[in-house]
Amino acid sequence: MTKATNLAYLIDTYSWNGQGLVLDIIPCTLPPNKILGTKNIDTPIFTVLLDTTLLYPQGGGQPSDKGQLIHDKGDHKVTFFVEHVSMKGEIVEHHGYFENGMLDVGNKVDIQVDGDYRMLNSRLHTAGHLIFSMIKKLELPLIEKKGYHFVDGPYVEFSGIWPTDLTKENFELKVNEAITENLEVTTRYAGQEDGVQENEENPMRYVTIGELTKSPCGGTHVRNISELGRVTIRKIKTSKGVTKISYELV
Ligand SMILES: [Zn+2]
């Protein structure tokens, strides 16, 4: 039984290089096109387990990171290209393919996160929090339902009906006004003041944007809301009591 993976990506969104130890390598059972996309479908795919990881596993509406695991064998370097990362129970599974041979159990690897992709996903994800925070600040009668922060059409969904006296343009203006306030984005774990016992194993992790509302979240976020640039609200639509707000970053 493999131990729970240490989730080092929770400490710092901007930490893109680190080290890990290979605990297991198994053939990947996910469909090859999910891992390789349009790349050569004949490439054998594997799942690598590490003691600790900097790579974010898909979840909470945020896509997984991509990156590389590199081990120096002395006369050559083996690279495992991580194309998809998922979480099974408390174990993070890195799915991808090898170049220049294979890793062995017990190898130390340099973990390299694709930083541009991490930042794009972190910005999209944080923008979702900002939209939610703005809805709370404006005291709109909406309850957060879910978020989808993928680059192919991000949106946030709420239970409740969008008020007719607030236009999409005005809401967009308020969201972007908040961005100009350069609010800090911080995460913290629930503590004694929240009624959590000191010995509790997995206290809830919260993200806050300035003084705006806090949300429970295990994703990666930018440090400051100014890094979002500009948010465009593409569409606000209420259907069957559910309001969907589609957005994009420019
Ligand atoms: Zn989050």
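Before I show you the first sheet, one definition: two strands count as paired here if DSSP finds at least two bridges between them. With that in mind, and remembering throughout that what we are looking at is a predicted model, let me take you to strands β11, β12 and β13, which form an open sheet in that order with antiparallel pairing. Its edge strands are β11, residues 185–189, and β13, residues 214–216, each of which pairs on one side only, and from one strand to the next the twist averages 25°. Between β12, residues 205–209, and β13 there are three bridges, the two strands running antiparallel, and if you look along β13 you will find P216 standing opposite Y206.

Let me step back to the whole chain for a moment. There are three helices and 15 strands in it, and its C-alpha trace spans about 65 × 45 × 35 Å along the principal axes. Of its 250 residues, 33% count as buried, and among the contacts with a separation of 6 or more, 66% are between residues 24 or more positions apart.

Now, what lies across the sheet I began with? That is helix α2, residues 115–137, which lies across β11, β12 and β13 and runs at about 70° to β12.

In soluble globular proteins, nonpolar side chains tend to be buried together. Here the largest nonpolar core has 25 residues, and those with the most contacts inside it are A127, L130, I131, V175, V231 and Y247. At least two residues of this core come from each of α2, β10, α3 (168–179), β12, β14 (231–239) and β15 (242–249), with α2 giving the most, namely seven residues. If we take V175 as an example and leave aside its neighbours within four places in sequence, we find it in contact with L130, I131, M134, V231 and I233. There is also a second, separate core, this one of 18 residues, which includes V48, Y56, I111 and V113.

Why does E157 count as partly exposed? Because it has 16 C-beta neighbours inside 10 Å, whereas a residue would need 20 or more to be buried and 12 or fewer to be exposed. Leaving aside neighbours within four places in sequence, E157 is in contact with K145, K146, V242 and K244. K3, on the other hand, is 154 residues from E157 along the chain, and the C-alpha atoms of these two residues are separated by 35 Å.

How values were computed: Residues are numbered from 1 along each chain as its sequence is written. This is a predicted model: local features need pLDDT of at least 70, side-chain atom pairs count only at pLDDT 80 or more; totals for chains, interfaces and linings use all residues. Helices (H or I, at least four residues) and strands (E, at least two) are DSSP runs, numbered from the N terminus. Two residues are in contact if their C-beta atoms, placed from the backbone, lie within 7 Å. Axes are lines fitted to C-alpha atoms, for helices over the stretch in contact, and angles run from 0 to 180 degrees between N-to-C directions. A nonpolar core is a set of buried Ala, Val, Leu, Ile, Met, Phe, Trp, Tyr and Cys residues joined through C-beta atoms within 7 Å.
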